[in-house]
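Work through the exercises below with the sequence and the model at hand. Try each task before reading its solution.

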Amino acid sequence: MRRETFELVAETRSEAAAPAMAAPLAMEAAAATSTAPAAPLAAPAAPVTPPALPPAAPSTLDEFLALYVPNPIRQAAVREAADSLTDLRCDEADLRGALALDTWPKIPQKKLLTGWRRLNET
């Protein structure tokens with residue numbers, strides 16, 4: 001009788017363990033036979049936009065003024081101080097003195113100096 005009890009307990013334990021063991025095996029089998037495409041590992045990268053090119057260097061005083069000095073009154077002041085674009089190839093102190101840049105508002109002053117620096121880089 002003791003042996004029969006042992007066998008009955010062993011059968012009960014193996015039956016209880018069978019469903020727990022069957023679930024992972026069924027998942028592995030389904031994964032191995034699946035025809036669905038694999039999910040991508042990462043989202044596709046967004047298209048890369050090239051950086052904006054800086055404006056072409058102006059070749060005349062009028063082009064320079066159109067880019068860097070939009071105010072007509074200040075354009076006239078620059079034309080009084082410079083006959084051509086080559087006249088603007090000077091020291092910053094000379095430019096500040098000739099145009100009285102300290103009297104200009106800060107943003108137009110900065111914009112002109114940005115153009116002047118780009119002009120003197122070439």
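**Exercise 1.** Leaving aside neighbours within four places in sequence, which residues is Phe64 in contact with?

*Solution.* The model is a predicted one. Start from Phe64 and skip the residues within four places of it in sequence. The contacts that remain are Pro58, Val69, Leu85, Leu88, Leu112, Gly115, Trp116 and Leu119. As a general rule, nonpolar side chains tend to be buried together in soluble globular proteins.

**Exercise 2.** Find how many helices and strands the chain has, and what share of its residues is buried.

*Solution.* Counting the elements gives 5 helices and 0 strands. Read from the N terminus, their order is α-α-α-α-α. The chain has 122 residues, and 18% of them count as buried. For contacts between residues at least 6 apart in sequence, 49% join residues that are at least 24 apart.

**Exercise 3.** Describe how H4 and H5 pack, and decide which class their angle belongs to.

*Solution.* The angle between H4 and H5 is about 140°, and their axes lie 12 Å apart. An angle over 145 degrees would count as roughly antiparallel, and 65 to 115 as roughly perpendicular. The crossing of H4 past H5 is right-handed. On the H4 side the contact is made by Glu92, Leu95, Arg96 and Leu99, and on the H5 side by Gln109, Leu112, Leu113, Trp116 and Arg117. Sorted by kind, these residues are 5 nonpolar, 1 polar and 3 charged.

**Exercise 4.** Is Thr114 buried, exposed or partly exposed, and how far is Thr114 from Tyr68?

*Solution.* Thr114 is found in helix H5. Its relative accessibility is 27%, so Thr114 counts as partly exposed. In sequence, Thr114 and Tyr68 are 46 residues apart. In space, their C-alpha atoms are 7.9 Å apart.

Key
Residues are numbered from 1 along each chain as its sequence is written. This is a predicted model: local features need pLDDT of at least 70, side-chain atom pairs count only at pLDDT 80 or more; totals for chains, interfaces and linings use all residues. Side-chain values use heavy atoms; hydrogens and water are left out. Contact means heavy atoms within 4.5 Å. Axes are lines fitted to C-alpha atoms, for helices over the stretch in contact, and angles run from 0 to 180 degrees between N-to-C directions. Helices (H or I, at least four residues) and strands (E, at least two) are DSSP runs, numbered from the N terminus. Angles under 35 degrees count as roughly parallel, over 145 as roughly antiparallel, 65 to 115 as roughly perpendicular and the rest as oblique. A crossing is left-handed if the near helix is turned anticlockwise from the far one by less than a right angle, and right-handed if clockwise. Ala, Val, Leu, Ile, Met, Phe, Trp, Tyr, Cys and Pro count as nonpolar, Asp, Glu, Lys and Arg as charged, and the others, Gly among them, as polar. Buried means under 20% relative accessible area, exposed over 50%, partly exposed in between (1.4 Å probe, protein chains only).
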